[in-house]
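I opened this notebook to keep track of what I looked up, entry by entry.

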Amino acid sequence: FALFAWNILANAQESDKRYVEVTGSSEIEVVPEEIHFLIQIKEYWEEEYTGKSKKEEDFRTKVPLAMIEKDLRKSLRKIGISDEAIRTQEVGEYWRQRGKEFLIGKQLDIRLTDFEQINSIIRSVNTWGIESMRIGELKHKDLPMYRKQGKIEALKAAREKASYLVEAMGQQLGEVIRIVEPADNNISRYIPFQAQSNVSMGYVASAWEDEQYRVIKLRYEMTARFAIK
């Protein structure tokens, strides 16, 4: 009972204090050292591309996944991307039509160090059997340091905001009472992009050249409560 009464008293005393509570934010752009480029490949029917038949029920010549992957890896080696930089991320099956064969698909994760390599991939690979291409994760070894810097800058921004708000009312800012980091801080680390490569290769290529896809975007918010003198 004594502890309960003390909590009530403490809360009442805190509510009597004059304070201002604000949220500060910061944004940092980091050029990645490692780029993961994801290519989705899938078996296809040769008749889809050769024009021999437009009726799906007449498709007979299935190009196996192993052949598609072999051709893709060969093209990648020609532009300097080794097999060691490629790993299989997932494998799945795609339903073609009721009563017909499954089409097997696979996603390859290609580790790159330069965005120009993406343009080289787009220009060199055979798009038959490639379902989609997109940027996956962007990495940098110093990200922990940048995260720390981002939070500090967000706190500084919160203090600056609190200061001019209080001064506008003819008061002075006091000591910090509480600091809260939102649980969903830094939601968007990078901007992913995905496009169907067989639909518009030109648009895909231009997208990689956009600066917003070349950086890791770190955004932080910090909420702070300051006493008013």
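This is a predicted model: local features need pLDDT of at least 70, side-chain atom pairs count only at pLDDT 80 or more; totals for chains, interfaces and linings use all residues.

Residues are numbered from 1 along each chain as its sequence is written, and side-chain values use heavy atoms, with hydrogens and water left out.

**Entry on charged pairs**

I looked up salt bridges, each a side-chain nitrogen of Lys or Arg within 4 Å of a carboxyl oxygen of Asp or Glu, and the search of the whole structure gave 15. For location I used helices (H or I, at least four residues) and strands (E, at least two), which are DSSP runs numbered from the N terminus.

I found Glu131 bridged to Lys42, with the closest N and O atoms 3.9 Å apart; Glu131 lies in strand β7 and Lys42 in strand β2, 89 residues apart. Is Lys42 buried or exposed? Lys42 is buried at a relative accessible area of 18%, whereas Glu131 is partly exposed at 29%.

I then turned to Asp83, which forms a salt bridge with Arg73 at 3.4 Å between the closest N and O atoms. Asp83 sits in the loop between α3 and β5 (86-95), and Arg73 in helix α3.

I traced an open sheet of three strands in the order β1-β10-β8, with antiparallel pairing, where two strands pair if DSSP finds at least two bridges between them. β1 and β8 (173-180) are the edge strands, each pairing on one side only. Between β1 and β10 I noted 12 bridges, and Tyr19 has Ala227 in β10 as its bridge partner.

**Entry on the core**

I looked for nonpolar cores, meaning sets of buried Ala, Val, Leu, Ile, Met, Phe, Trp, Tyr and Cys residues joined through side-chain atoms within 4.5 Å. The largest has 33 residues, and Phe37 and Ile39 have the most contacts inside it. Among the elements that each supply at least two residues of this core are β2 (34-42), α3 (65-78) and β7 (130-139). I also recorded a second, separate core of nine residues, including Val20 and Ile228.

Terms used:
Buried means under 20% relative accessible area, exposed over 50%, partly exposed in between (1.4 Å probe, protein chains only).
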